[in-house]
Amino acid sequence: MKPKIALVTGASRGIGAATAIKLAQQGCDIAVNYLSRADSARAVVRQIEALGRKAIAIQADVSNYTQVQQMIETTVRELGGLHILVNNAGYSSHGGIEQLSLEEWTRMLAVTLNGAFYCAKLAVPHMRQAGWGRIVNLGSLRALTGSAHGPHYAAAKAGLIGLTKSLALELAPYNITVNAVAPGYTDTEMNKKSLAEKGEQIRASIPLKRIARPDEIASVIAFLCSDEASYITGETIAATGGLYMR
Ligand SMILES: NC(=O)c1ccc[n+]([C@@H]2O[C@H](COP(=O)([O-])OP(=O)(O)OC[C@H]3O[C@@H](n4cnc5c(N)ncnc54)[C@H](OP(=O)(O)O)[C@@H]3O)[C@@H](O)[C@H]2O)c1
């Protein structure tokens, strides 16, 4: 059987890197997208190659439509198609409604929401051609609960859930499923500062009493990308150690 080809955005580190490796373990060839850390992306490529799979690193800012076009073209040309898209690229920043600048609001929506839309828009024709596809969008616990310190982040992530459901409905006739994963606190660079400052307090608030490892989130994403998840579409799976129930 021919390998499935996956594009994971923001795969140079954190949850994206763990997902790229997990998908390679499942037999996929991988396009590893990154923004600026070429060395980290190349290290992920080497780990995937060591598993006997093909991988390429592609620099692109997902908020730039032209760069996304080039990234999808390179993926299809070098790896031979595109079956799986994981819209993982993202960042966090903090600020309440009065502090948040217009630029920061616009940038967050551009990376999170425009980025996922651009990637999906350009990936779907290849999935339709293959008669099979999987899209997984990285939401967040904050999309479900809101955030007093990041309305832009919560709004952008909540927007992704609407995009997920809409694409799931539209693309179901083409055997393309679209789902979201909403992680809670996960041990990546994104959280470094808040975990250093109030790690104990955060752990105490989580029913499982610990922070997630990136590979625990990657497992959920990889499952949704697999044939095993063939009857799940339009869902958001919260992986929060129980925090969402609090
Ligand atoms: N960590 C958590 O607790 C948590 C919780 C809920 C949701 N999430 C979501 O999960 C996803 C991954 O988070 P993470 O914690 O793994 O983040 P991370 O460790 O900070 O990694 C972010 C990744 O995104 C890439 N990136 C950032 N902006 C980009 C852009 N404009 N275009 C292309 N790539 C870009 C970075 O590339 P470079 O390395 O080149 O900079 C890096 O690979 C994000 O969408 C995040 O919102 C995380």
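**Stop one: a helix in the open**

Select helix H7 first: of its 14 residues, the number buried is 0, so H7 lies largely in the open. Buried here takes 20 or more other C-beta atoms within 10 Å of a residue's own, exposed takes 12 or fewer, and partly exposed is in between, with C-beta atoms placed from the backbone. Helices (H or I, at least four residues) and strands (E, at least two) are DSSP runs, numbered from the N terminus. Residue numbers start from 1 along each chain as its sequence is written. Keep in mind that this is a predicted model: local features need pLDDT of at least 70, side-chain atom pairs count only at pLDDT 80 or more, and totals for chains, interfaces and linings use all residues.

Now go to Lys-198, where H7 (residues 192-205) has a kink of about 90°. That bend is the angle between axes fitted to the seven residues ending there and the seven starting there.

**Stop two: the sheet**

Colour the strands next. You get an open sheet of 7, ordered E3-E2-E1-E4-E5-E6-E7, with parallel pairing; two strands pair if DSSP finds at least two bridges between them. At the edges sit E3 (55-59) and E7 (236-239), each pairing on one side only. From one strand to the next, the twist averages 15°.

Zoom in on E6 (residues 176-183), which runs parallel to E7 and is joined to E7 by 4 bridges. Pick Pro-183 and you will find its bridge partner in E7, Ala-239.

**Stop three: helices across the sheet**

Show H4 (residues 102-130), which lies across E1 (5-8), E4 (84-87), E5 (133-138) and E6, at about 170° to E4. Contact means C-beta atoms, placed from the backbone, within 7 Å.

**Stop four: Gln-67**

Gln-67 is in helix H3 (residues 65-79). Is Gln-67 buried or partly exposed? Partly exposed, because 17 other C-beta atoms lie within 10 Å. Leaving out residues up to four places away in sequence, Gln-67 touches Ala-60 and Asp-61.

**Last stop: the ligand**

Select the shell around the ligand: 12 nonpolar, 15 polar and 4 charged residues. H1 gives the most, with 3 residues.

How values were computed. Axes fitted to C-alpha atoms, helices over the stretch in contact; angles between N-to-C directions. Contact = placed C-beta atoms within 7 Å. Nonpolar A, V, L, I, M, F, W, Y, C, P; charged D, E, K, R; others polar.
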